[in-house]
Every structure is written in structure tokens, then in C-alpha cells.
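Here are my notes on this one, in numbered points. Have the model open while you read.

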Amino acid sequence: MDISASDGALRHVRRHRLAWRLLVHQVRAGMISAMTSFSCHQLSTLRRRWDIAANRHLRGRSPISPNRYIHPRRARSESAVLAAFCRIYGVALPGHLAHAPRNRLLTLELGERLCPTYEAFRACFPQSTLDFEKAVTLIVEIAKNDQIGLERCESCGATVLIDRLAPRGPICEYCEQERRHKRALSRPSPRTKDPGAAARR
Ligand SMILES: [Zn+2]
């Protein structure tokens with residue numbers, strides 16, 4: 001006998017699956033609630049039932065400042081890689097949605113698409129400080145294209161995250177380090193500034 005679940009039942013299962021993954025990623029209740037439609041009370045119940053420890057440091061609103069993706073350099077590099085993962089997995093937001101209210105953006109579908117993308121990124125960069133909520137903010141800010149954006153490195157063509165308000169051109173960390181190194185090598189050392197000085201003494 002062919003038994004097919006109703007759309008409502010399937011969606012109910014999807015909400016539970018996503019809630020479990022997001023709780024494991026220590027996402028704040030507000031964001032999980034927006035994506036799964038579970039209330040904070042229901043999430044507390046699920047957390048206890050699934051025996052997932054709560055992170056007491058994660059309270060209040062999610063961090064939203066785009067500056068944290070640009071500074072320091074490590075954050076900029078990791079953000080660029082995460083943004084490239086999002087493009088590969090097709091999670092990039094279209095620009096016209098970027099300015100929509102946050103509760104309209106945080107959907108079950110976005111959560112389901114972003115979870116495997118974020119998990120693939122963390123599998124490659126387990127020490128990264130970019131948590132799931134920062135990943136959400138990152139894709140929203142990139143779609144807005146106001147303060148931060150994605151460009152190609154002017155030297156090697158790699159994907160780089162740029163500060164739209166900064167005067168520097170798009171350049172990846174690797175190429176920037178290489179340029180600094182070359183500049184340091186081409187700078188005359190104090191001893192060789194005037195080779196004739198020693199002879200005149
Ligand atoms: Zn480069």
C-alpha cells in the first residue's frame with residue numbers, strides 16, 4: 001500500500017529536523033523560531049528532549065555589524081571563503097530580497113539550504129570563528145552590497161570580501177602579503193643606502 005504523507009506532515013518533519021540542526025549549532029532561539037515557527041518555549045522543550053546543552057553566552061540579538069567580517073584579516077579571509085561556499089551551494093540571496101524585513105528572510109527554506117553549506121564550510125575550517133548566525137548576516141550584507149561586497153582579487157582572481165567604504169582595491173590576503181614582502185625586499189637597508197659613505201670615512 002502506498003502511503004504518502006501530507007504536505008503539512010512533511011513540513012512538520014522538516015521544521016523538527018532544522019530545529020535540531022540549529023540547536024546543535026547553538027543558534028539563538030529567536031533565529032530558530034523565525035525559521036521553524038517553533039516558539040521559544042517549544043524550543044526549550046525540544047532542547048531538553050534532545051539533550052542539547054544551551055550556550056548561556058548566546059543571549060539577546062544576533063550580531064549584525066558588517067565590520068566584523070572585514071576586520072581582522074582572518075575574519076575577512078574566512079568570510080570570503082564562506083561567501084564562495086554560499087555561491088557554490090546556491091544560497092546567495094538575490095539583491096531585491098536583501099532589504100526585506102529580517103523575519104521574511106529567515107525562512108525554513110533558507111535554513112535548510114544554509115545548514116549543509118555552513119556545515120561543509122566548518123568541515124574545511126573547524127577553527128573558524130564564524131558561527132551560523134554570522135553566516136546568515138554575511139549573506140544578507142553581501143546581497144545588500146552597501147558596506148561589504150564580493151569582488152575578484154585584482155592580482156590572482158580569487159573571491160575577496162571588500163569594504164565598499166575603504167580606498168583599497170580588491171586584493172586577497174595572499175597577494176597582499178606577497179606585495180608587502182616584495183616591498184620590504186625592494187626597500188634599501190640602512191647599511192646600503194649610501195655605499196660611498198663608508199669609503200669617505
Ligand atoms: Zn589574490
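1. How many bridges join E1 to E2, and do they run parallel or antiparallel? There are 5 bridges, and the two strands run antiparallel. (Strands pair here if DSSP finds at least two bridges between them.) Leu150 sits across from Leu161 in E2. The pair makes a hairpin with 6 residues between the strands, and in the turn Gly157 has a positive phi of about 85 degrees.

2. Some housekeeping before the rest. This is a predicted model, in which local features need pLDDT of at least 70 and side-chain atom pairs count only at pLDDT 80 or more, while totals for chains, interfaces and linings use all residues. Residues are numbered from 1 along each chain as its sequence is written.

3. Now the overall layout. The chain has 10 helices and 2 strands, in the order α-α-α-α-α-α-α-α-β-β-α-α along the sequence. Helices (H or I, at least four residues) and strands (E, at least two) are DSSP runs, numbered from the N terminus. Of the 201 residues, 24% count as buried. Buried means 20 or more other C-beta atoms within 10 Å of the residue's own, exposed means 12 or fewer, and partly exposed is in between, with C-beta atoms placed from the backbone. Among contacts with a separation of 6 or more, 58% are between residues 24 or more positions apart; a contact is two C-beta atoms, placed from the backbone, within 7 Å.

4. Have a look at H2 (residues 29–36). It is mostly covered, with 7 of its 8 residues buried, including Met31, Ile32 and Met35. Its buried residues pack against H1 (7–24), H3 (40–49), H6 (102–105), H7 (108–124) and H8 (132–144). Just past the helix, Ser37 has a positive phi of about 70 degrees.

5. H5 (residues 73–88) is next. Its 16 residues reach 23 Å from first C-alpha to last, close to the 22 Å expected at 1.5 Å a residue; the expected span is 1.5 Å times one less than the number of residues. Among its buried residues are Arg76 and Glu78, along with Leu82, Phe85 and Cys86. The cover over the buried residues includes H4 (67–70), H7, H8, both E1 (148–152) and E2 (159–163), and H9 (173–186). Just after H5, Gly90 takes a positive phi of about 70 degrees.

6. Beyond its neighbours within four places in sequence, Leu82 contacts Phe121, Leu130, Ala135 and Leu138. Leu82 and Phe121 are 39 residues apart in sequence, yet their C-alpha atoms are 6.3 Å apart.

7. On to the core. The largest nonpolar core has 37 residues, and Leu22, Ile32, Leu82, Ala135 and Ile139 touch the most other members. (Such a core is a set of buried Ala, Val, Leu, Ile, Met, Phe, Trp, Tyr and Cys residues joined through C-beta atoms within 7 Å.) H1, H2, H5, H7, H8 and E2 each supply at least two residues of this core, and H8 gives the most, with 7. Ile139 touches Cys86, Val91, Ala92 and Leu93, leaving out residues up to four places away in sequence.

8. The C-alpha atoms of Ala53 and Leu23, 30 residues apart along the chain, are separated by 8.7 Å.
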